[in-house]
Amino acid sequence: MALQSLDIKQRSATTTPAPQARQTVEIAKLIDVSACIGCKACQVACMEWNDVRDEVGSCHGVYDNPMDLTENSWTVMRYTEVEQNNKLEWLIRKDGCMHCSDPGCLKACPAPGAIIQYANGIVDFHQENCIGCGYCVTGCPFNVPRISKKDSKAYKCTLCSDRVAVNQAPACAKACPTGAIQFGSKEDMKDYAAKRVDDLKERGYAQAGLYDPEGVGGTHVMYVLHHADQPGLYAGLPANPSISPLVSLWKGFAKPLATLALAGVALGSLFHYVTKGPNEVSKETEDEIEREDKEEAK
Amino acid sequence: MIRDPKDLKRYTASERANHWVVGISFILLALSGLAFFHPAFFPLTQFFGGPVWARIIHPYLGVLMALSFVVIFFRFRHLNRMTPADKEWLSKVGQMVDGDDHNMPEQGKYNGGQKVMFWALAVCMLLMTVSGLFIWRAWFGFDITLVRLGAVVHAAAGAVMIGLIMVHVYAAIWVKGTIRAMWYGTVTRAWAKQHHRGWYRQVTGK
């Protein structure tokens, strides 16, 4: 087996179980939105470490830059101005892949091994197996994967799987100057988040809480939110994300059933032929035509 | 097989060519589409030069099939209007499948089953084409809900269509003397008299 840190839990378009003997600790990245100053050091560190460079765009009159995730920008800061308790609040959320326990992208992917979920919880795209169909985009409840215009492959945050594999924190966590991005085992991160939530509650944010949505089985990127009751405030973070029922229907039990039904039609036809025989023109009708021909010839 | 000059012409060369374009594109679409339908069929992508090529080619084949089907649809639409005789035929289809076609009512160029097949395929083709455009990311970027709906409809209509075509192909294999109509356009008079007596009367005047 390869590195234990890269043990595979789930593999796209694969119907047999992955090796499960070794049990690895689940990791998580915790983004404390209340401690973020919006400096974008994480965006820069991400580009640096992963060697991706987005095009220099134009200023849209807001802090968001680039305006959206792209195949080269795997994380972006999203800035929102809201009024809460008669005060202006500037909410800054670092957006990117949430590394769901139940990943919609992996479920939707038709290419074996193009999307891997490691035992530690990281969901990684393996572009060499990606066929560029965009089904991962269809499956993702957070609108994260982006298809490159250059090579038609899907890209997103890897949670620095290469760094994590050798016991290093993701580049964004390493670069964050305020400690707003923490990294460790999921359990430790939950404990840390609980302390942060208590602190926020003491400071008057009664609805502070941890964002670790159950609809996708929990995530390996979690947020501490001051307004955990209204995740939508943070640039449209979904309140109850889950894999769309349409995607579940599309990728769920319907397909094996349809496959069986088609096999049934094929085998049914074969056995119909074998048991009932072909539908041939009757001797009677052939003789009738022959008789007519003879009469005409007379 | 000796071809009798008195054989009846069922399809023109142009109609046959049209049918083959639809047929070939359908087979290629089914093989590449199944590959993305379920992992069990993924190796089928090797027929297309690998999975990425299968993904690239599939929608263009879809456009070819849609356009050639539109032509075939307008060519044969008027011959596929349902009549009371078709309904009677359909109600007795069990007996025919069981091997006894003596009680079947007289049929024109197409029987009730063929007409149902024609309309079912037309509906599937429409669903496949529209939903296919929704999920064709190389050219279009529709709203995510439409894309998700498109993916479900495309997979469902595709599965139904593959099933319908299996029945279509098997019917042609089962009813002897049928497949030659697809190759060189003619059928024997006896074949026509037995299976499509109304049409036989119409073209022979008997």
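Of the 298 residues in chain A, 42% are buried, where buried stands for having 20 or more other C-beta atoms within 10 Å of a residue's own, with the C-beta atoms placed from the backbone. This is a predicted model, in which local features need pLDDT of at least 70, side-chain atom pairs count only at pLDDT 80 or more, and totals for chains, interfaces and linings use all residues. Residues are numbered from 1 along each chain as its sequence is written, while chains are lettered from A and ligands numbered from 1 in the order in which they are written.

Let's stay with chain A. You can find 9 helices and 11 strands in it; these are DSSP runs numbered from the N terminus, with helices (H or I) of at least four residues and strands (E) of at least two. Chain A is more spread out than a compact globule, because its radius of gyration is 28 Å, well over the 19 Å that the globule rule gives for 298 residues. That radius is taken over C-alpha atoms, and the rule is 2.2 Å times the number of residues to the power 0.38. The C-alpha trace of chain A spans about 110 × 50 × 40 Å along its principal axes.

Now turn to chain B. Its 9 helices and 2 strands follow the pattern β-α-α-α-α-α-α-α-β-α-α along the sequence. The C-alpha trace of chain B spans about 60 × 35 × 30 Å along its principal axes, and 30% of its 206 residues are buried.

Notes:
Buried ≥ 20, exposed ≤ 12 C-beta atoms within 10 Å, placed from the backbone.
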